[in-house]
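Here's a quick tour for anyone meeting this chain for the first time. Have a look at the model, then read on.

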Amino acid sequence: QNPEQYHSYEGTKFIIPCKLSSKQRISESIRFNVEKNQNYKKKATGSRGDKYNYAMVCQMTGANDVDGKITCKLHHDILSPHFSIKAQELRKLTKEDKKKGNAMANERGNSILND
């Protein structure tokens, strides 16, 4: 509602006790995706940076399930160390062999949740 107030918190870290809701299945609380990098710039001499990034959105509740919900998006820099291939390669793999690509994404996503 108030953009100035929102931007005043930029760079501030908040520690909020939260958990995945016990009433929801993991598949309803977590969304994993390979998304286009908003900072990607294609130059005449070649590309600059990665075209795609990993993204994961988690919907959680407070300490009790009746507390409000909070949604957070995990940054590519947090997710990428858990993968042995770049996001662009996983995207290509999923287009060629959806079952294998989804299996890799699910395996790595569970690994991230367990860390």
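## Ground rules

Buried means under 20% relative accessible area, exposed means over 50%, and partly exposed is in between, using a 1.4 Å probe and protein chains only. With that in hand, take Asn53: its relative accessible area is 16%, so Asn53 is buried.

This is a predicted model, where local features need pLDDT of at least 70 and side-chain atom pairs count only at pLDDT 80 or more, while totals for chains, interfaces and linings use all residues. Residues are numbered from 1 along each chain as its sequence is written, and side-chain values use heavy atoms, leaving out hydrogens and water.

## The whole chain

The chain has 5 helices and 6 strands, in the order α-β-α-β-β-β-β-β-α-α-α. Helices (H or I, at least four residues) and strands (E, at least two) are DSSP runs, numbered from the N terminus. Of its 115 residues, 23% count as buried.

## Around Asn53

Asn53 sits in strand β5. Leaving aside residues up to four places away in sequence, Asn53 touches Asn33, Val34, Glu35, Asn37, His76 and Ala87; contact here means heavy atoms within 4.5 Å.

Ala87, Leu90 and Leu93 are the buried residues to look for in α4. They lie on the same side of the helix, because they cover an arc of only 120 degrees around its axis (the arc of the directions from the helix axis to the C-beta atoms). What covers them includes β2 (30-36), β5 (52-61) and α5.

Turn to the face pointing away from that buried side and you'll find the exposed residues Lys92, Lys95 and Glu96.

## α4 meets α5

Helix α4 (residues 87-96) packs against helix α5 (residues 98-114) at about 140 degrees, with the axes 5 Å apart. Axes are lines fitted to C-alpha atoms, for helices over the stretch in contact, and angles run from 0 to 180 degrees between N-to-C directions. The two helices are therefore oblique to each other: under 35 degrees counts as roughly parallel, over 145 as roughly antiparallel, 65 to 115 as roughly perpendicular, and the rest as oblique.

On the α4 side, Leu90, Leu93, Thr94 and Glu96 take part, meeting Lys98, Lys100, Gly101, Asn102, Met104 and Ala105 of α5.
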